[in-house]
Structures are given as structure tokens and as C-alpha cells.
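Dear colleague,

I am handing over the structure below, and my notes on it follow. Please read them with the model open beside you.

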Amino acid sequence: MLPIVAIVGRPNVGKSTLFNRLIGKKLALVDDQPGVTRDRREGEAHLLGLDFTIVDTAGYEDEDANSLPGRMRMQTEAAVENCDVALFMIDARAGITPLDEEIARWLRANDAPVILVANKAEGKAADDGVMESFSLGLGEPVPFSAEHGQGMADLFQALLPHVEREGDEPFEREFYEDDESAPLKLAIVGRPNAGKSTLINRLLGENRLLTGPEAGITRDSIAVDWMWTSREGVERPVRLIDTAGMRKHAKVQDKLEKLAVTDGLNAVNFAEVVVLLLDSTRGLEAQDLRIADKVLEEGRALVVALNKWDTVEHGSALYQGIKKALDDGLAQVRGVPIMTVSAATGKGLDDLIHVAFETRTAWSQRVSTGVLNRWFETALEANPPPAPGGKRIKLRYITQNKTRPPTFVLFGTRLDDLPESYRRYLVNGIRRELGFGAVPVRLTLRSAKNPYASK
């Protein structure tokens, strides 16, 4: 495992900007207003040859432990307890505040080594703040600019004694696209307050993600690595991805909520299987169908989970109603797996992960050309293509050119005249007869070029 470095500090000092700079991409949401980050987010950082896990944390605030800021602070405290070294960031331009002094006292009482980082230190306006930071009793500060990348060499020197591992050789395993032993990338999506973070916490067995009665707590898409033990006793790696609640587009007015929803949609693009989590007490709403449609449009495998099932009355009727509404609303994919779960009690979660792995297997499979074309010939015999205007449409052969999602190319002539209903007939046959189930299947039509067309 890589050494762990946690970034701590009061709100709006530049922690997420530093996090993004060290991992080399804009993964954490950044905005001028304080309190953007709520959960702790991890990433693989690289600094002048040093490799380590960097943890971005929420701004440390002195609030009641039961309040949202108080629960955010507990996440920060957990990050420091588990790190090899903490980067305590202050705003050099603003100078030392009473909250900075309180955080310094807390860090001095902890066992983790602390490196003081004086951010926003570009220009002379920060000189006084850098000098004042010596009073925190945490040694010499590292003048730094997370926004402009100044001070990287000094930060490297400060981190080196805590991060460098003599004699250790990094172990990396290369996973291929269809490697069943590769970590399952599983994103949890849904409307606000459906229980996404609570579900992940229950799987992990710890309060890793911030939860509470307030809707819309999660902002960043947080990825957490976890090891699931199958029914056969085999450990299998999973990367769980929590996302922000997705409300109806017209209701999203706040800038941060827009950023959070966009971040969640990006997380869907990087997932393999997406769990759409529904609040069973509210049933299926139009927004759920929009989210499901977006997942399938991106070619991701979809599983629907009905959360809070332990509180539902007349469950059978509700289940059948949701199943019918999904089949009617998602015409391109029928029979999506629907699981009943309870994030509060853990009931059904093991079955959910089992089905997610099975769904990824179907989403990743490749059919040989021979098997595919034998099915194709049978499908044509059972239902020949139409002849619009009395002219035959010739379908010659089909091949699979991609997996994840399964993508097929159909070759023939006059394919522009092939009705959409016949195309759906072929796609549904591929799903039903060749073991792809309810995963999204793409079919591209390709006509042979006429060698005399340009003459």
C-alpha cells in the first residue's frame, strides 16, 4: 500500500486545489465559496518521483458533532488517524485565525507527523502570514501556491522523510478489459436521500461516507476500494463510487449542485455496472427513468435496487408495479435486474453485489463469429427482413467488434431501408439467445460500398 497523506485545514484555504494538482486532474470540486468538500476523497498522487495516496478532507469547523459541519469534522479526524503524515494548510494571505490555532492544537495532540503548508504564498502580500504561521508551533512552514504550482520542490523535501519507502518495490498488476479478477467498478446513483452513502457505509462496515437526514449531502463522487467475499468464500475487489443525488434538471439552480450532478454523470462514464437506487417509500418517479435512460445511453450495465424495503407494505404489488413501469419506460432494455435491499439493515446487499458481478460478466462477454452467425441465420429464417417497395434488403453477416458494452456490426445492402422494428428484433434476439440479458447492446448497420457509385 502507498503511504497516506491527508490535507487538513479550515474551509476555503485551497485543500481541494492542492489535491487536484497532486493527482494531476480536476477530480475534486473547487469553488470560491467555503464548505464545498464534505466527504474525504482519495487519489493517487505523484510529486517529483514520490508516489502516495492523497486524501482531501472537509474544512475543519468547530460545530456540534450532530450537525452537518460536525459530522464533516469527524470525517476529517478519521482521515488524520489513518494517515502517515498530515498537510496542515493555512491561507497565508488571510493570516492566522483562531480556527487555525484550534486545528494546530488538535494536530499537536495527535500522533501523525504534521507539515505546515502556507498556501496562496505567491507575491509579497503573503509574507506576513508566512512569518506569523511559525507561532502555531508546527515548525517551519512550506510557502506554497496550489493554484500556480509554486513551492513543489519545497513540498517534496518536506514529504520525503515521511513518504519514501526504502527497499519497497511498487507492485502493480495489469488488468485487461475483460479480466474477471479486475476490480468491479460499481457506481451508485439516484435521487437525493435515496440512501446511496448509507448503502456504501453498510457494505464497508464503517461510516466512511458522510450521511444524515439532510438531502443532498454528497457533492463529490467518492470512490472507495473494498473487498467483497462471495458465497463461495472467494474475495473479489470492488471499487464503490458514491455520487451526488440527481434531481430533475429544471430544479437544479445552485452552481455547486450543478457541478455535483455533472461529477456524478462523469462517474457513470467510468463505471462498469451502475446501481440505480430507488427509495421504495416513494416508488418509481419520472426522474428515476431519466437517470436509468442516461446510464443505458452511456452503454453501462444497469441494476435497479429498491432501498428501504424493510419499511414497505404490500411489497409484491409495489415490486410488480415498478417492474412494469421500468419495462415500459426503458423500451431499449427490458428485464433489468431489480433487487430489494435495505441499506439500514444490510438485507439483500450481498445478493446485490453478486448480481452486479454477474451483470458485468454479461456486459463483457464476446461471442465467436461462428456462433453469432449460426444464430443470425436462424433469426433470418424465422423472420426474414421486409422488402419495402418490392426490393429485397439483403443481410449478409454479423460480427461483434467490441465488448463493454457489447457492440455488433451488421453487413448487408439497402440497410438504410431496414425498419427500426426489425433492428429491435435482432437486438432482442442477441440479448435473449446469446446470454447478454438486460445489458445495453449496440447494433451498427454497414452497407457494402457500390464500386460504380462514383462512375
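Does aspartate 91 count as buried or exposed, and why? It counts as buried because its relative accessibility is 10%, where buried means under 20% relative accessible area, exposed over 50% and partly exposed in between, with a 1.4 Å probe and protein chains only.

Before going on, please note that this is a predicted model, in which local features need pLDDT of at least 70 and side-chain atom pairs count only at pLDDT 80 or more, while totals for chains, interfaces and linings use all residues. Residues are numbered from 1 along each chain as its sequence is written, and side-chain values use heavy atoms, with hydrogens and water left out.

Aspartate 91 lies in strand E4, which covers residues 85-91 (strands are DSSP runs of E with at least two residues, helices runs of H or I with at least four, numbered from the N terminus). Leaving aside neighbours within four places in sequence, aspartate 91 is in contact, meaning heavy atoms within 4.5 Å, with Arg10, Val13, Asn119 and Lys120.

As for the protein chain, it has 12 helices and 15 strands, and buried residues make up 50% of its 455 residues. Of its contacts with a separation of 6 or more, 69% are between residues 24 or more positions apart.

Finally, Leu199, Arg202 and Leu203 in helix H6 meet Leu349, Leu352 and Ile353 in helix H10.

Best regards
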